Amino acid sequence: MVHTDARRWDRIYREVPLNKIPWNEGRPSRDLVALVKNKSFRGPVLDICCGIGTNAIYAAKKGFEAIGIDISEKAIEIAKENSKKAKVDSEAKFVVGDVLMPKFPDKEFGLVFDRGCLHHIHPEDRKGFIGEIKRVLKPKGKYHVTCFSELNDWPDYTFTKELISELFSKDFRILKIGRRTYTEKGSRNKVHFWSALIEKQA
Ligand SMILES: C[S@@+](CC[C@H](N)C(=O)[O-])C[C@H]1O[C@@H](n2cnc3c(N)ncnc32)[C@H](O)[C@@H]1O
């Protein structure tokens, strides 16, 4: 069974001003910027749960073919507008879809980029989610994930380093893992994450 509440996500993008949505930072992820700078991956890039497309657009500006997928129609509409404004709409494509049921070919991507996707996947769907990442990645392709850590005192899905290692113990190798902390927009609340670069084994 797949547990995704598409309407709830779409409502956020339709009703909340973009600059008030906590995860819209208005700039690409620092981790992605570092991955590009260090030439840590090959393209094409698949940005899963891409929201309004900021990271896929950044990858396209840096010369990668990129595809963003998100369950929210409104988020994808905005992502398409943003890629036009950035003049990379030929390089960055966006599709509405569920990451649990993507239609991408096998071994297509050099990087699957995930900023805030894994931690919204119901635990019962995780095996299928990781199976899809494995399927769409090229051999030695990379998966970069940023997900809520156990340091947050809320009941949503959170991850320990051990859980991440366990989830990716088969067919993957963790190349790098570290903590990240962000201060929520408009408040002093700190949100804690793990950021990991994971390689698919051939
Ligand atoms: C925390 S936001 C992160 C957005 C984006 N990655 C960013 O960094 O700005 C989570 C995103 O996941 C999308 N989403 C949630 N479940 C999804 C699913 N099963 N398939 C595709 N997108 C999903 C939501 O619509 C939302 O845009």
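1. Lysine 107 counts as partly exposed, because 14 C-beta neighbours lie inside 10 Å. The scale takes C-beta atoms placed from the backbone: a residue is buried if 20 or more other C-beta atoms lie within 10 Å of its own, exposed if 12 or fewer, and partly exposed in between. Lysine 107 sits in the loop between E3 and E4, and although lysine 107 is not a glycine, its phi is positive, about 50 degrees. Helices (H or I, at least four residues) and strands (E, at least two) are DSSP runs, numbered from the N terminus.

2. On provenance: this is a predicted model, in which local features need pLDDT of at least 70 and side-chain atom pairs count only at pLDDT 80 or more, while totals for chains, interfaces and linings use all residues. Residues are numbered from 1 along each chain as its sequence is written.

3. The loop between H2 and E1 holds lysine 39, a residue other than glycine with a positive phi near 50 degrees. Lysine 39 has 7 other C-beta atoms within 10 Å and is therefore exposed. Proline 44 is also found in the loop between H2 and E1. The peptide bond from glycine 43 to proline 44 is cis, with omega near -15 degrees.

4. The sheet is open and has 7 strands, in the order E3-E2-E1-E4-E5-E7-E6, with mixed pairing. Two strands pair if DSSP finds at least two bridges between them. E3 and strand E6 (172-183) stand at the edges with a single partner strand each, so one side of each lacks a neighbour in the sheet. From one strand to the next, the twist averages 15 degrees. Angles run from 0 to 180 degrees between N-to-C directions, and axes are lines fitted to C-alpha atoms, for helices over the stretch in contact.

5. Several of the pairings are parallel. E2 and E3 run parallel and are joined by 5 bridges, with isoleucine 67 having lysine 93 in E3 as its bridge partner. Aspartate 114 in E4 is the bridge partner of isoleucine 48, and the bridge partner of aspartate 114 in E5 is valine 145. Of the 7 residues of E4, 6 are buried, so E4 is largely enclosed by the rest of the structure.

6. Is E6 covered or uncovered? E6 is hardly covered, with a count of 1 buried residue among its 12 residues. E6 pairs with E7 in the antiparallel sense over 11 bridges, and arginine 179 stands opposite tryptophan 194 in E7. The two strands form a hairpin with 6 residues between them, and in the turn glycine 186 has a positive phi of about 70 degrees.

7. H4 lies across E2 and E3 and runs at about 165 degrees to E3. Helix H5 (residues 126-136) touches E1, E4, strand E5 (137-148) and strand E7 (190-200), and its direction makes about 145 degrees with that of E5.

8. Helix H3 (residues 54-61) has 7 of its 8 residues buried, so H3 is largely enclosed by the rest of the structure. The buried residues include Ile57 and Tyr58. Their cover includes helix H2 (30-37), strand E1 (45-48), E2, H4, strand E3 (92-96) and strand E4 (109-115). Glycine 63 follows H3 and has a positive phi near 100 degrees.

9. The axes of helix H1 (residues 6-15) and helix H4 (residues 73-85) come within 7 Å and cross at roughly 50 degrees. That makes H1 oblique to H4; angles under 35 degrees count as roughly parallel, over 145 as roughly antiparallel, 65 to 115 as roughly perpendicular and the rest as oblique. Asp10, Tyr13 and Arg14 in H1 meet Glu73, Lys74, Ala75 and Ile78 in H4, where contact requires C-beta atoms, placed from the backbone, within 7 Å.

10. Isoleucine 71 is found in the loop between strand E2 (66-70) and H4. Isoleucine 71 counts as buried because it has 20 C-beta neighbours inside 10 Å. Leaving aside neighbours within four places in sequence, isoleucine 71 is in contact with Thr4, Ala6, Trp9, Gly97 and Asp98. Among the 20 residues around the ligand, Trp9, Cys49, Gly51, Ile71 and Gly116 come nearest; a residue is near a molecule if its C-beta atom, placed from the backbone, lies within 6 Å of it.

Notes. Two residues are in contact if their C-beta atoms, placed from the backbone, lie within 7 Å.
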